[in-house]
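Let's take a walk around this protein, one topic at a time. Have a look at the picture below, then read on.

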Amino acid sequence: MSNTNQNSHLDQITGAAAEEPFRTPPDASSKGHPKGLYLLFFTEMWERFSYYGMRAIFVLFMTKMLFLSNSDASNIYGSYTGLVYLTPLLGGYLSDRYLGNRRSIITGGALMAIGQFLMFFSASAAGASAMTLMWTGLTFLIIGNGFFKPNISTMVGQLYPQGDRRVDSAFTIFYMGINLGAFFSPLVCGTLAEKVDYKWGFLAAGIGMIVGLITFIASKNKVLKTSEGADIGMPVRKLDFSAIAMIIGAIAIVFFLMNFKSWFHSEIDLTGYLIYGAMIVVPVVILSDKSLSGEEKSRIWVIFILAFFVIFFWSAFEQAGASLTIFADEQTDRHIGSYIMPASYFQSINPLAIIALAPIFSLLWMNLGKRNLEPASPRKMAYGLALLCLGYVVIAFAVKGVNDTVKISMWWLFGLYILHTMGELCLSPIGLSMVSKLAPLRFSSLLMGTWFLANAAANKLAGTLSALIPGGAAEGGHGAASAASSTVHSIMGFQIANLYDFFMVFIVMTGVASIILFVLSGTLLKMMRGIR
């Protein structure tokens, strides 16, 4: 599952596992896992339930209840998910210097619960008040995620003393919690939203966050301890005025960014300028540091180059919550007998496929490694892009020559999601663990931030690309959306007149990126200086 990726969850977990030193004595590996692991598992499961439940119905809510065009809904989705990847930089900073992991998780969970309930009220309201409540809810969700996301996974490694072999299996267990939450949430929230009312889907997401938060608060003091009994994730020091001002400022900036277009009736995308601008400025600032040696610069260049290709991967992958959800709703035959399957259900395929396929891929890499045949990180990323491309080839084949009044079989979409999951399993585990290996110690935090920026840029781009989807037969009935249904979009001179043209954009983008990365992989390996 991505994160969004997420990211991505594989990035978050394998990255955390790589960053955290193993903290367990040799004989501890024979013991069971500490109870704190299961508390973190349960808390993360419910947080992911909340996030992915809302994500599964968000675009549908905007097009069906707020009567936004597919294009406008896609752009809002991209800004939301893009900012979700930016705020962990602030949350991680405040946690390290002030709040500690525990208070950051509680703060983030509470803000996200409030955000989900505001989405519930938005779906219960009408007109301008519904939009205002949505912008406010998204702001709380974005800031809350910033506090929550960077803290809970790092606590898993802190439960174990140095040298403990249980850490790898602990992250595997934790990872299952993420995917269980991501699997069940579209089924629960999607059913309530599409079969009853969208407000109940958001309410279910909010209740899920509250369940996880209450459980964490009730049990944290009992089980979040090291093997020696010391508390972990405790506050560092009290918040001072500057930290409080930073939090209030971040909330104000996010709310302003989300509202800018409607307030000023402008087409200027400030969120995009912020994210893409940061992607240019940060690498320039880092590489201009005169203290860097030639070898360090070489490795940093590898991080930036791979981050560039990661943007192409996740911007195509994250269509799951945007254009592919619109496609599932409008032009996919979802009948199972007399029952019509909610469009949001398709977002449960990826986490279920990860649970099924991750052990197989793990065994594959292990067996290839024993024979010295395991591909290096850049080549795995190229294979991931190729599988993503193949997924779009499947769906493009399905829609070729089909007009917008015909609905295709849902099994084509199932095939796409399975291939995309296989691509994710090739690419995503590299993530933060690779950055931690390549980054000079004094730049590690900044380069981690750069990787998050790449994911933010990918999610923002995902929304921009999703906005190019041509209006289907169903869009004409969306009120204000109907004006957009006849619009022919274009990208770099290529006109997108139908769904086949739309999916060809992703085939070309990911296919070319895969080929170029594969060709460059030999050079990148030399630049990595022995790190694979």
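V285 sits in helix α8, which covers residues 270-287. (Helices are DSSP runs of H or I with at least four residues, strands are runs of E with at least two, and both are numbered from the N terminus.)

## What kind of model is this?

This is a predicted model, in which local features need pLDDT of at least 70 and side-chain atom pairs count only at pLDDT 80 or more, while totals for chains, interfaces and linings use all residues. Residues are numbered from 1 along each chain as its sequence is written, and side-chain values use heavy atoms, leaving out hydrogens and water.

## Salt bridges

A salt bridge means a side-chain nitrogen of Lys or Arg within 4 Å of a carboxyl oxygen of Asp or Glu. How many salt bridges does that rule give? The count is 10. Some of them link up: K64, D329 and R334 belong to a network of salt bridges.

To see where the partners sit, we need three words: buried is under 20% relative accessible area, exposed is over 50%, and partly exposed is in between (1.4 Å probe, protein chains only). E47 and R48 pair up at 2.7 Å, N to O. E47 is buried at 2% relative accessible area, and R48 is buried at 2% as well.

In helix α9 (residues 294-317), E295 and R299 are 4 residues apart, about one turn of the helix. Their closest N and O atoms are 3.2 Å apart in a salt bridge. E295 is partly exposed at 37%, but R299 is buried at 18%. K380 and E374 also meet, at 2.6 Å from N to O; K380 is buried at 12%, while E374 is partly exposed at 30%.

## Cysteines

A disulfide is a covalent bond between the sulfur atoms of two cysteines. The rule used here asks for a pair of cysteine sulfur atoms within 2.5 Å, and the count comes to 0 disulfides. As for individual cysteines, C189 is buried at 0% relative accessibility, and C389 is buried at 13%.
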